Amino acid sequence: MSVPSTTPRPVAANSVWPQLESLLPQVTKPIQYVGGELGAVVKDWDAATVRWALMYPDAYEVGLPNQGVQILYEVLNELPDVLAERTYAVWPDLEKLMRAHGVPQFTVDAHRPVRDFDLFGVSFATELGYTNLLTAIDLAGVPLLAADRTDADPVIVAGGHAAFNPEPIADFVDAAVLGDGEEAVLEITAIVREWKAEGCPGGRDELLLRLARTESVYVPRFYDVDYLPDGRIQRVVPNRADVPFRVHKRTTMDLDAWPYPKKPLVPLAETVHERYAVEIFRGCTRGCRFCQAGMITRPVRERSITTVGQMVQQGLEFSGFHEVGLLSLSSADHSEIGDMCSGLAEQYQGTNVSLSLPSTRVDAFNIDLAQELSRNGRRTGLTFAPEGGSERIRKVINKMVSKDDLIRTVVTAYTNGWRQVKLYFMCGLPTETDEDVLEIAAMAHEVIKAGRAATGSKDIRCTVSIGGFVPKPHTPFQWASMERPEVIDHRLKLLKQAINADRSLGRAIGYRYHDGEPSLIEGLLSRGDRRVGAVIRRVWENGGRFDGWSEHFSYQRWVDAATEVLPAFGVDLDWYTTREREELEVLPWDHLDSGLDKDWLWQDWQDSLSEYEQDDCRWTPCFDCGVCPAMDTEIQIGPTGRKLLPLTPVNGLKLPAGAQQ
Amino acid sequence: MRRAGVPVAFSQGFTPHPKISYASAAPTGVASEAEYLEVGLREPVDPAALRAALDAALSPGLDVLDVVVASGGGLADRIEASHWRIELPEVDPAVLAAAVATFTAADEVMVERMTKQGRRTFDARGAVITIDVSGPPVTPSVAPAVPCAILELVVRQVTPSVRPDDVLSGLRVVAGLEPPVAPKVIRLAQGTLTAQGAIVDPLDADRDGATIGGR
Ligand code: B12
Ligand code: SF4
């Protein structure tokens, strides 16, 4: 029996709200736990046959805007007999109180215990959410190890980019989905619905088996990993009949048929992004060799200009947002980006609606685009990512942009009124030397000099932002060794000195960087195998939480856990990170099929070492990366030649239907 | 505002801001039945239609009760005092009454709170106009078996503002009152203060004008 509460919303029968409410005044930012956002859906529990709890394993402020979760949430809730609710990582202050008062991990929509759901889907954009996954499972009252779970526990499904190598969390999740989720969640839902309708024959094991047989849901427990005496993997093989040798990624084709999110969530609390984001395409074939996202989301599938226009109109009207983000891996590459930006800018002229492109390639940017983006007066930040400091290293990573291009583009931005641009680079790339990194300073100096000359003003700045390179599965760099943190930190120090060597220029250049240490741990997690699960667990037991936050991340905790746990397996932290792999080594994710042909990846790795550049298959012939034939997909790009449909401007107050005046 | 299609006026300048100002907003985690805000518009709109549109655009539980045309003078100047009700579950009303008596008898009760400017010490007694222990509420929000003391509080708007939690700190300072469960605070009214200590709806002044206009 639940206690009556002062909340104005109806309290669901299994809600933990009455117990939770009295804890909220004692924690920071309690509003993140109350739900009630515009766009949130609360359905009748008993009327649903399949129930999903969806999680972004980070704080609400980061997790709420996540597109992946919002899309799946909406797709699932559109089905009449399906219910989907959301949960996020709770901060340690609330975690402590929840443990003390026996309040389980809950959803924000109707505050129901996560353990009550049939499925618990967790979206991993980054590996740094793994410890938060363990917190959530444990707080939910679900056994940490998949092997210990019973029919009373939800099936835990991992998705998102990090799920392309779920081996480090293989002990903790029941299943993983590679690739696009729209159709995958529907297929999983259908399997669960049918199994429940039949009276749950065979229990949890049978359900997992049915999922595995689809060949697109990976169920780790049905695969055995054998190791060689030296610690490398000998082979990964199914241990059950009917379970496929390889599990394939999902690709949602025809994005116009999936125009989500239609009803974006509008938070009451502050979050990292408050904007209506539309993916204008998926996939990227630029072929940057470090970029896992580009490799695993092939081929390119554009959303048409007309669908984008319609989504923007409806999304803004529904949400009241005044910023539109045109998302993709390289937004300026859309075949109709010019018309799209000018059309949208025109439609929203004088309305304070602003446009932003999160990822702008240096070479595709041009004056028109810059002007369209600034048309409504507000200039959102501009970031360019040359990634490598020297021409040579840019050939290694296949980031085909010349220094002249970069300077020309940035000067264009300055002459169009931008006072500040951000340049993004990586440190620790394969074959990198101190000199490659020091060229970043020279480039930044030239940018400022050219900018000053072009604008006649000293009031221009650039920020150089450096991230650590992390080799990722399913990329040509999956075999590469990582550089040691000391080497990275030394290079970053040299770079700082070089930037400030000229005082006048140095003052106009901001410098932001990540230390080498967190990258090394990301490297452990991204290319780890099942043995790394024990490290994650140890770190979590020792208090590891929110590893994506520098104020919570502890390098020492990870090193200590690795030192305690890994020697028993005959390996260590270096073995996973700074060791270069050989061509024939069985990689932990070889049985997970991203469509990329391993031979092609190896060839691209060799091409990288010989500084050979690979073109883009959108504009040059197919170079046989393997994806399209393996996945039965094709490039879907425009131009469609269509224009944005003219909008009838909506003026005046929007009254609810039947409003009394 | 945007969802309701309100023609909000914007400030001039490089980053224009919508002209919306809140008068003495309730602190986080505190319920309220009486919040006020002022909005500058680009063009006149019908107040009743504006109320309906805003109310429809907001989440359930955030209700817009009334909209009037400002007849001059800032809203902030009309917020002189605030009426709070504090429910203290598991506190014996007699104990609370004794604590209140000690508090009232004092000339000054210094309390501490973290503000944006850092830790500050200030008097929580001076601003308190009335502080009464009342009987059980008409609609108790906790199960009747649990004893519950209720505090009715009228506090003058001062700087730094004295909030309900400051008065509770004051009760702890003077009488060692430590509520075992987090108190539930709700603002019932705020507005101008009459000589008798009653709170008058700050929109009343504008409402008179609106009546003449034939609303
Ligand atoms: C917007 C964005 C951000 C935003 C917002 C993040 C957020 N709350 O969502 C901010 C700025 C905060 C951000 C931060 C970071 N980001 Co970011 N970000 C993006 C960006 C541009 C778009 C992401 C997006 O919305 N994609 C669209 C959605 C629909 O795709 P999706 O989430 O993958 O979901 C689909 C599938 O994966 C699947 N799916 C997802 N979850 C689940 C769950 C289940 C159960 C199932 C079945 C399926 C499923 O279904 C979805 C629909 O098909 C991408 C680039 C890109 N275009 O993808 C980079 C990107 C994801 N970010 C990246 C990185 C590195 C980061 C940071 C780590 C950067 C840093 N060093 O701080 C942080 C991490 C933040 C965090 N703690 O999570 C990388 C990931 C690298 C990788 N995996 O190789 C990307 C790919 C950019 C890149 N090219 O490097 N990011
Ligand atoms: S298979 Fe060919 S066309 Fe398809 S993504 Fe790979 S290179 Fe491009």
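Which residue of S7(A) does A:Asp224 stand opposite? In this predicted model, the residue across from A:Asp224 is A:Val237 in S7(A). The two belong to an antiparallel pair in which strand S6 (residues 223-227) of chain A is joined to S7(A) by five bridges. The hairpin that S6(A) and S7(A) make has five residues between its strands, and within this hairpin A:Gly231 adopts a positive phi near 100°.

Most residues other than glycine have a negative phi, and most peptide bonds are trans. The peptide bond leading from A:Tyr260 to A:Pro261 is cis, with omega near -5°, and A:Pro261 lies in the loop between strand S8 (247-248) and strand S9 (276-279) of chain A. The peptide bond from A:Arg298 to A:Pro299 is also cis, with omega near -5°, and here the proline is placed in the loop between helix H8 (292-296) and strand S11 (301-302) of chain A.

The parallel sheets come next. Strands of a sheet pair through backbone hydrogen bonds, either parallel or antiparallel. One open sheet in chain A consists of five strands in the order S2-S1-S3-S4-S5, with parallel pairing. Its edges are taken by strand S2 (82-88) and strand S5 (175-176) of chain A, and because each of these has a single partner strand, one side of each is left without a neighbour in the sheet. Helix H3 (residues 67-77) of chain A packs on this sheet, where it touches strand S1 (50-56), S2 and S3 of chain A, and the direction of the helix makes about 155° with that of S2(A). Within the sheet, strand S3 (residues 119-123) and strand S4 (residues 155-159) of chain A are paired in the parallel sense over five bridges, and A:Ser123 has A:Gly159 in S4(A) as its bridge partner.

Another open sheet of chain A is formed by three strands in the order S9-S12-S13, again with parallel pairing. Here S9 and strand S13 (354-356) of chain A stand at the edges with a single partner strand each, so one side of each has no neighbour in the sheet. On average, and with direction ignored, neighbouring strands of this sheet are turned by 20° against each other. Strand S12 (residues 323-327) of chain A runs parallel to S13(A) and is joined to it by three bridges, with A:Leu355 in S13(A) as the bridge partner of A:Val324. Helix H9 (residues 305-319) of chain A packs on the sheet by touching S9 and S12 of chain A, and its direction makes about 160° with that of S9(A).

What, then, surrounds ligand 2? Its surroundings come from chain A and include A:Thr285, A:Phe623, A:Asp624 and A:Ile635, together with the cysteines A:Cys617, A:Cys622, A:Cys625 and A:Cys628. By class, this shell has eight nonpolar, two polar and one charged residues.

The remaining topic is the contact between the chains. Chain A contributes 26 residues to the contact and chain B contributes 22 residues. About 2000 Å² of area is buried between chain A and chain B, and carbon and sulfur atoms give 64% of this area, while the count of salt bridges between the two chains is zero.

How values were computed
Residues are numbered from 1 along each chain as its sequence is written. Chains are lettered from A and ligands numbered from 1 in the order in which they are written. This is a predicted model: local features need pLDDT of at least 70, side-chain atom pairs count only at pLDDT 80 or more; totals for chains, interfaces and linings use all residues. Side-chain values use heavy atoms; hydrogens and water are left out. A residue is near a molecule or strand if one of its heavy atoms lies within 4 Å of it. Ala, Val, Leu, Ile, Met, Phe, Trp, Tyr, Cys and Pro count as nonpolar, Asp, Glu, Lys and Arg as charged, and the others, Gly among them, as polar. Two strands pair if DSSP finds at least two bridges between them. Helices (H or I, at least four residues) and strands (E, at least two) are DSSP runs, numbered from the N terminus. Contact means heavy atoms within 4.5 Å. Axes are lines fitted to C-alpha atoms, for helices over the stretch in contact, and angles run from 0 to 180 degrees between N-to-C directions. Buried area is the accessible area (1.4 Å probe) that two parts lose on being put together, summed over both. A salt bridge is a side-chain nitrogen of Lys or Arg within 4 Å of a carboxyl oxygen of Asp or Glu.
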